[in-house]
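Please open the model in a viewer and keep the selection panel at hand.

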There are 2 protein chains.
Amino acid sequence: MRRTGSKPTIYDIARLSGASPSTVSAALNGSWKDRRIREETAQRIRDVAAAEGYSINMQARGLRKARSGLVGMILPAHDNRFFSSLSQHFTTEAWRRGLCPVIVSTRREPQEEVRSLESLLSYAIDSVFIAGATDPEALSRICHQVGLAHVFIDLPSMQSPSVVSDNAAGAAMLARKIIETMPAVDDPRRAKPYLLGGDPRLYASSRRIAAFREAVTEMRGHCDDDQVIACGYVPARAAEEMERLIDRIGGLPAGLFINSIPAFEGALSHLVLLPPAAFAQSVIGCYDYDPFGAFLQFPVYMVWQDSHALVQRAFALLDQGAKTPVLEMIPPVLVPPRTILPGTLSEQG
Amino acid sequence: MRRTGSKPTIYDIARLSGASPSTVSAALNGSWKDRRIREETAQRIRDVAAAEGYSINMQARGLRKARSGLVGMILPAHDNRFFSSLSQHFTTEAWRRGLCPVIVSTRREPQEEVRSLESLLSYAIDSVFIAGATDPEALSRICHQVGLAHVFIDLPSMQSPSVVSDNAAGAAMLARKIIETMPAVDDPRRAKPYLLGGDPRLYASSRRIAAFREAVTEMRGHCDDDQVIACGYVPARAAEEMERLIDRIGGLPAGLFINSIPAFEGALSHLVLLPPAAFAQSVIGCYDYDPFGAFLQFPVYMVWQDSHALVQRAFALLDQGAKTPVLEMIPPVLVPPRTILPGTLSEQG
DNA sequence: GTCAGTTGCTCAATCGATGTTGCAATCCTT
DNA sequence: AAGGATTGCAACATCGATTGAGCAACTGAC
C-alpha cells in the first residue's frame, strides 16, 4: 500500500492492475503499440491509472531519458514590457510543444547569467532561449561545451543562432522621424537631437546608436559626441542624465531619442517636473512601445518590436536544429504618437 | 572515460579522485562532516570536481530525496505590470533561497490553472505560489491532496494561507478620491461615477466593486446598477464597454473608476479617440499603478499594490510552514495624478 | 594483549521510469 | 506433427545521487 498524501507510481498501478511496471510504463507513455501490449491490457492499465490519479514523475523519466521536458529562458528582467511580452509568448509556445517553461531573470549581471545557465543545466533543460544577454559569448561557449540547443534573442551571439529585431532599421526610422518633425529652435544647444540611454557595449544599443549618428550626420551634416548619452538601462541613471542635459542646454532639446523603456521611465521622472509648455518645442521618440507611453501629455513616437515573431522564429530555429551561427532580423514598426497598436495590449489581465 | 559533450557525474569524479561515489556525494553536498569524511579528502574531491566542471544532476538528487529544489508560481499573465512585478520579486526571492523558480501563466483559464499545477507536480515542485487564480478552491484542493506547500497571492483561497492586497481599503480610497474630485456636470447620466472592468466572480474584483458601491452610496446617497460595468479583464471587452458607455451617457462620465491595468489599456484604445477637451469634465482613477499611466494627457489617480511585500509575506508564510487558512492583507497606496512612485520603475532594462 | 570505541571510508539498496532482452504460449507452415 | 515465427508480457539493468549499514584500521584503557 502506498503512503497517503503521496502520488502513486507505476509500481502502484502495476500492483493494482496485475501487470508489470514495464507494461504499465509502456501503456502510459504511448509506446505500448511498439512493445506489443494488447489494446485491452493497455486500456485496463490506463483506467486504473486514471482512477488512482496517477501522473508521471518527470524527474525519474528525465533521469532515465536524459531529457527533462524543461525549456529555459534567460532574460534581464520580468518587469519590462518588452521582456515580459517575450516571456508571455515563450510560455505559450513552450506549453504548446508539451514543454515546461522555466524563466529566470538576471538583472543584466553577466555573473548571474552564467550562474542561471548553470542552474538550468543542473535541471537538465533540453534547450534554452537567451534574451538580452550582457555577455552572449560566455553563455554561447557554455552551451556549445555541454551540447545544449540554444538560441539568442534580442542580443545575438556571433557563435550561435540568433534572432534580433532590426535595430539599425528601427533606429534609423525613429531618428529620421524625430529630425524631420523637430521644431526649429534658436538656441543651438537645444536645436539638435539627443540620444539618451542604452549601453554602447551591447549589440542592440550600439546598432541603434550608430543608426542615430548616421541619420543625424546625413540630415544635419554632423553629429557631435555630446548628442549621445548612452548611460545604461537603469532608470535612476537616465533620470540623472536627463536632468543634467536639461541643465546643460537650458531646456528640453528639440529632438530626444530615448533608447528603451526603462530609460524612458527614468527620464519621465524628471520630465514630470517640467511645465507642459516645455514640450511645445520638442519631439520625443522612444525605442520600444508602451500603450500608455504612446498617450502621454506630450506626443511620443515609439518603436514596436515584434516579440511574438522573435519567439516564433527562435523556436523555429531550434526546431530546425540550427547549430551554426545565423542572424535573423525581425523588422520593427514605427508607431506615431497617440496610437494604440493592435495586438500589443496585455493578452489578459 | 565519459562521453564527450556530456557532464561528468559523481562516478567520474570518484574514479578521478580515487574515492567512492558515496564519498564524493558527501564531499560535494556538504554532508561530509556528518559522514566522517576527512577534511583533506573532501577538499581533494572538491578540487577534482571543480577541475572537471562537475555540477550536480538535480533530477537524480530530486528523485532520491523527493525534493526538487523547484518552486512554482502560477499567474494569469506575464505581460501585465502587476503580475510581472510579482514574478520579478518571486524570481529574486527564490534564487536567494537556493530554489529555482518555475513560472507559468494560465490566461485566467481555470482548466489551464489545473493543468499547469499538475504539470508542476510532475516536476515535483517543493512548493507553489498561486497568484490571481480564477478557481482558487480547485487548486487548493489539489495541493492539500498531494501535501504540497502553497500560498495564494492576490486572489485568496478560503482553505489555504493567502496574502492579498487590501482591495476594500484601496478601492474605497480611490472611489472617495474620485467622487470628491469629480466636477459638477449638468447631465445626470454623466454626473455619477462609473466603474469599468473586473470580474465580479473573483474575490479582488468583488471587494473592489463592493467598496466602490459603498463609497458611492455613502457620499451620493445611492448607487445605481448601471454604474458598475464589470466586463472582465480582456482589453478588447473593456474598449467595447467604454465606447458603449460614452454613447449611452453622451460623453465621459464625471468620474471613472477603472478596475485593473488591462481594462485601462482597453478603455484607453477608445479614450484616445476623444478630443482633449472631453477630459476636462472628468476624473479618472485606475486600480493598479503604471508610471506611464500616471502621466497621460489627462490626470489619473492610481492605486499601487505592493507586489514586493506580497511576495515577501507569501514566502514568510511558507517558511513558517503555514497550512491553515490565514488571510494577510497588504495595504495599497493611492497615487495622485502625475506622480512617479519611487521604487516602482523597472529594476533594470 | 584484548576489547570497546572511534575514525574514515565503501557497499549496496533506493528513488521512478525506461527499454533491451528473454521466455512462455500461441499461431502458422509444410 | 515438428519446427519456426509471432504475440504478449515480465525481468532486469540503467540513469545519478543519497544514505543506512557495515567493515577495516587505528586508538586508548586496563
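This is a predicted model: local features need pLDDT of at least 70, side-chain atom pairs count only at pLDDT 80 or more; totals for chains, interfaces and linings use all residues.

Residues are numbered from 1 along each chain as its sequence is written, and chains are lettered from A and ligands numbered from 1 in the order in which they are written.

Select chain A to begin. Chain A contains 12 helices and 12 strands (DSSP runs of H or I, at least four residues, and of E, at least two, numbered from the N terminus). Its C-alpha trace spans about 90 × 40 × 30 Å along the principal axes. Of the 349 residues in chain A, 54% are buried (20 or more other C-beta atoms, placed from the backbone, within 10 Å of the residue's own).

Next, select DNA strand C and its surroundings. Around DNA strand C there are 27 residues, the closest being T9(A), S22(A), A60(A), S20(B) and S22(B); a residue counts as near if its C-beta atom, placed from the backbone, lies within 6 Å. Helix α4(A) gives the largest share of this surface, 5 residues.

Finally, select chains A and B together. Here 62 residues of chain B are in contact with 63 residues of chain A (C-beta atoms, placed from the backbone, within 7 Å). On chain B, α4, α5 (81–96), β2 (100–105), α6 (110–122) and α11 (261–271) each supply at least two residues of the side that touches chain A.

Technical notes: A residue is buried if 20 or more other C-beta atoms lie within 10 Å of its own, exposed if 12 or fewer, and partly exposed in between; C-beta atoms are placed from the backbone. Two residues are in contact if their C-beta atoms, placed from the backbone, lie within 7 Å.
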